[in-house]
Amino acid sequence: MSEYAVTVDGELLDSNLFEEKSWDQLKKDYKIGDLKMICCGANAVPKTSIKYNRFFAHQSIECTTAPETIWHKTSKKIIVEEFSKLGFRAIEEQIGNGWIADVYVELDGRKIAIELQQSPQTLKVYFERQKKYSEFQIEAYWLLFPPRYLTIIKAIKHYRLKNEFNNKCPNAGFFPSLNNLPVFYIDDIEYKIKGVGLFNHTIEDFVISIVNNKLSYLSTWYIEGKKTLLK
Ligand SMILES: [Zn+2]
């Protein structure tokens, strides 16, 4: 089951955005085959739990899609949808010269790649891929599957300790965060974008901050004008 489904036309449906009336209407009006699960493309059925939560269920088959694949597909759909709401056409799996971006979008002269990293990748490879994007004047943002994030912030911590602080932790501490590598995770329950320094925003707010150039770095990443730990 999932809070999301897509229509046969590829429109994303978020069960949280329905009201009681419109949800009941959907349950009445949909026909089998109209709605598809994002995970595996199986027919989706809108349902309401005994606690009144709205969700989409597989019509019949048991879904065997791996959690990280569900995470990848769902995150990608939501991001594309949020750009679309702002009037920008984001492309999935855009292939460039030596790179493939999970989501790629051009905004009034800016080129943006969003990578949804579900498989393990060393910090060195993050740096290499980031460099590749910057060679093509593409801004790249990394949104990780939660377990990948835990690993990479450990690597960033060691990297900074060694390269900036001579292996002695400064008294004031520091964030395991890098100015030249915007890296966050998307949790696979609420689908919010989170990171160190209590970074915690909806995908909608994150996409708006990219479009408006409000994603900034000062000790760690934050969105200008939003609540932050930083002064
Ligand atoms: Zn499925």
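The structure is a predicted model, in which local features need pLDDT of at least 70 and side-chain atom pairs count only at pLDDT 80 or more, while totals for chains, interfaces and linings use all residues. Residues are numbered from 1 along each chain as its sequence is written, and side-chain values use heavy atoms, with hydrogens and water left out.

The chain contains 14 strands and 5 helices; these are DSSP runs numbered from the N terminus, with helices being H or I of at least four residues and strands being E of at least two. The C-alpha trace spans about 65 × 40 × 35 Å along its principal axes. The radius of gyration of the chain is 19 Å, which agrees with the value near 17 Å that a compact globule of 231 residues would have. That radius is taken over C-alpha atoms, and the globule rule is 2.2 Å times the number of residues to the power 0.38.

Of the 231 residues, 45% count as buried. Buried means under 20% relative accessible area, exposed means over 50%, and partly exposed lies in between (1.4 Å probe, protein chains only). The accessible surface of the chain is about 13100 Å², and carbon and sulfur atoms contribute 51% of this area; the areas come from the Shrake-Rupley method with a 1.4 Å probe, and for residues only the protein chains shown count as cover.

Two domains are assigned: domain 1 covers 4–58 and domain 2 covers 67–223, with bounds that come from an automatic or database domain assignment. Their C-alpha centres lie 29 Å apart. Across the division, 5 residues of domain 1 are in contact with 8 residues of domain 2, where contact means heavy atoms within 4.5 Å. Within the chain, among contacts with a separation of 6 or more, 53% join residues 24 or more positions apart.

Thr 7 belongs to strand β1, residues 4–7. Its relative accessibility is 15%, so Thr 7 counts as buried. Beyond its neighbours within four places in sequence, Thr 7 is in contact with Leu 13, Asp 34 and Leu 35.

Tyr 52, in the loop between β4 (44–48) and β5 (54–58), has a positive phi near 70°. Most residues other than glycine have a negative phi. Tyr 52 counts as exposed because its relative accessibility is 68%. Glu 93 also is not a glycine and has a positive phi, of about 55°. Glu 93 lies in strand β6, residues 91–95, and is partly exposed, with a relative accessible area of 36%.
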